[in-house]
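Here is a short report for a reader meeting this structure for the first time.

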Amino acid sequence: FMMEHIVSAYKRQYDSYLYLSKTACNLFGCSEVISIDEFYQLIIPEYLFDYRKTILALQEGKMKEASISFASKINGEVRHFEEAFKIDEEGVILSVINEITEKVKDEEKSTVMAHFDPVSGAYNKSKLVYDIEELVKLDKFSLFAFNVKGFKNYSDIYGYDFTSQMIFAIAKYLKEYDEDMRVYHLDGDKFILAVIGLNDKRTMTKLGYTICEYLSNKLKKLNYRLNINFEVGILRYPTDTNETNPNDLIDYLLSALSMAHDDGVKSNVSCYSKEAYRKQFFQSQLATHVSEAIDNNHLALYYRQVVDAGRNNCDHYYVGLNLSNYAVDDKVIYEVIKKRDMMKLIERYMIHKALFELEEMYKEIKVYMNFSFKVSKETLIDETFKDYLLDQLKFFNIPKTAITICYNDELDDNVYEVLKSLTLNQIMIATSNVEILKQFPVYYFYYKLNKDVKNLENEFITVLKDYCDKHSIRFVLDNVNNKTLIAHFAQTGISLY
């Protein structure tokens with residue numbers, strides 16, 4: 001046995017004494033024969049309990065062999081790995097001892113690398129998940145999520161190097177703010193801070209604003225002309241949730257962070273709200289459903305009457321886009337379409353589908369109904385759109401007088417030239433600037449009424465109505481759902497959606 005382990009240190013234990021090889025003597029700085037108690041005194045206390053427990057189990061016959069990792073007082077940085085074997089019934093224990101310092105260092109280095117983010121110098125998400133599993137065992141704690149307001153603007157204007165320095169600096173200053181708070185870099189400009197033992201809403205909100213101010217002042221070292229501000233989300237455990245899954249808690253925290261987003265320039269702090277989270281979750285699921293519906297060709301058209309309230313008849317039909325398997329808000333559909341960069345494709349599909357149905361209606365009633373449909377700027381100024389629209393009208397044999405283009409995007413010279421070149425008699429424009437109407441070939445003017453409008457003699461509406469009457473433009477009001485308002489506008493000759 002000794003010959004097989006000639007390069008290792010070994011010791012033999014019998015009764016209460018140890019007999020050590022020369023290599024073992026050099027390793028622990030002791031004589032060849034010492035008592036077991038004397039050897040225990042050579043071991044660093046933090047390892048001693050487990051070491052004694054293991055040796056005792058071998059002596060009592062509870063184990064035949066065991067492995068122990070420990071360090072001695074001779075050199076605390078050197079780690080030893082002992083393999084101990086009980087070799088007879090008289091209690092003789094033979095041990096082989098090897099140095100495993102480099103192996104331990106490699107393992108510790110691997111652990112650090114797995115939990116460390118080299119970009120920021122902070123811990124990463126892997127470490128955050130691991131730590132949350134331990135944090136939920138505590139009485140209470142809070143998590144803060146930070147991101148930089150307008151981070152993309154800084155990246156676009158000052159470049160990658162500046163934003164990289166910003167990320168590193170934020171992590172550095174957060175760690176310096178309070179050594180008891182752990183800092184994690186999630187991704188991009190998102191940081192998470194763990195605060196143990198506190199979860200009072202007022203205290204945590206105040207702390208969030210205090211840290212924002214502290215960071216803003218510190219970051220002036222990067223560029224003294226910049227006043228960098230933050231959005232902060234706060235999750236308090238267990239006040240906000242009793243959930244223990246780390247990924248769910250991170251999800252809730254990021255929900256609180258998204259609620260802190262606004263268009264202002266000052267820092268903003270928001271605490272987690274279960275109701276707001278449910279709403280966000282629903283919107284997210286709805287967007288996913290819409291996206292899948294588009295992929296599976298579950299798009300359908302709907303029609304809304306534009307009514308001449310004074311004459312009590314239908315002026316024309318507005319054609320909108322929805323799903324064939326679930327009715328959702330137009331805004332959600334168009335947000336998904338825009339994110340997927342499918343606006344031109346979908347709007348052309350809608351025009352094609354609308355003209356097809358218009359032709360089918362004509363076959364039945366021998367009269368062309370008037371359809372209006374929304375077209376975005378992206379679609380309108382595409383150089384092929386004009387030819388596409390005219391080809392579709394020709395293919396379905398639809399006169400230009402039967403369609404109305406609805407446009408409510410930005411108005412500029414390019415839009416003007418396209419609308420003029422279409423030579424359509426009926427164009428609907430949405431704008432709050434009366435002067436712009438003079439520049440465009442408009443037949444309908446669209447205006448969405450504010451929900452809070454209660455004054456029937458609203459001055460702005462009166463100005464718009466007078467201008468439209470003067471220039472033979474049909475004034476169309478949307479969002480009129482009050483009976484009194486409907487009756488009033490019916491008398492003034494305004495068409496209603």
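Asp262 is partly exposed, because its relative accessible area is 30%. The model is predicted. The side chain of Asp262 meets that of Lys149 in a salt bridge, 2.5 Å from N to O. This pair links distant parts of the chain, 113 residues apart. Lys149 sits in the loop between strand S7 (141-148) and helix H6 (151-158). Asp262 sits in the loop between helix H9 (246-259) and strand S11 (268-271). Is Lys149 buried or exposed? Lys149 counts as buried, because its relative accessibility is 8% and the cut-off for buried is under 20%.

**Other salt bridges**

A search of the whole structure finds 16 salt bridges. Three of them are set out here.

| Salt bridge | N to O distance |
|---|---|
| Lys149 and Asp262 | 2.5 Å |
| Asp156 and Lys152 | 3.0 Å |
| Asp131 and Lys127 | 3.3 Å |

Take Asp156 and Lys152. These two residues lie in helix H6. They are four residues apart, so about one helical turn separates them. Asp156 is exposed, with a relative accessible area of 53%. Lys152 is exposed as well, at 58%.

Salt bridges that share partners also build a network, made of Lys127, Asp131 and Arg182. Within it, the closest N and O atoms of Asp131 and Lys127 are 3.3 Å apart. Where do Asp131 and Lys127 lie? Both are in helix H5 (residues 125-135). They are four residues apart there, about one turn of the helix. Both Asp131 and Lys127 are buried.

**Aromatic rings**

Next come the rings. A pair of aromatic rings is described by the distance of the centres and the angle of the planes. The count for this model comes to 19 aromatic pairs. One of them is formed by Phe39 and Tyr51. Their centres are 5.9 Å apart, with 45 degrees between the planes, and the pair is tilted. Phe39 belongs to helix H2 (residues 36-42) and Tyr51 to helix H3 (residues 45-59). The two are 12 residues apart, and their pair links distant parts of the chain. Both Phe39 and Tyr51 are buried.

Tyr51 has another partner, Phe70. Why is the pair of Tyr51 and Phe70 edge-to-face? The ring centres are 5.1 Å apart and the planes stand at 70 degrees, over the 60 degrees that the edge-to-face class requires, so the pair falls in that class. Phe70 lies in strand S4 (residues 65-71), while Tyr51 lies in helix H3. The pair therefore ties together parts that are 19 residues apart in sequence. Phe70 is buried, as is Tyr51.

Ring pairs link Phe28, Phe39, Tyr40, Tyr51 and Phe70 into a cluster. Lys11 lies over the face of Phe39, at 5.3 Å from the ring centre.

**A surface patch**

Tyr19 has a charge over its ring too. Arg12 lies over the face of Tyr19, at 4.8 Å from the ring centre. Tyr19 itself is in strand S2 (residues 17-20). With a relative accessibility of 32%, Tyr19 counts as partly exposed.

Asp412 counts as partly exposed, at 21% relative accessibility. Asp412 and Lys377 are 35 residues apart in sequence. In space they are 9.9 Å apart, C-alpha to C-alpha.

H15 itself spans residues 413-421. Its buried residues are Val415, Val418 and Leu419. Why are they on the same side of H15? They cover an arc of only 95 degrees around the axis, which puts them on that one side. After H15 comes Thr423. The phi of Thr423 is positive, near 50 degrees.

Terms used: Residues numbered from 1 in each chain as written. Predicted model: local features only at pLDDT ≥ 70, side-chain atom pairs only at ≥ 80, totals over all residues. Heavy atoms only, no water. Buried < 20%, exposed > 50% of the residue type's maximum accessible area, 1.4 Å probe, protein only. Arc of directions from axis to C-beta. Phe/Tyr/Trp six-rings, centres within 6.5 Å; stacked < 30°, edge-to-face > 60°. Lys NZ or Arg CZ within 6 Å of the ring centre and 35° of its normal. Salt bridge = Lys/Arg side-chain N within 4 Å of Asp/Glu carboxyl O.
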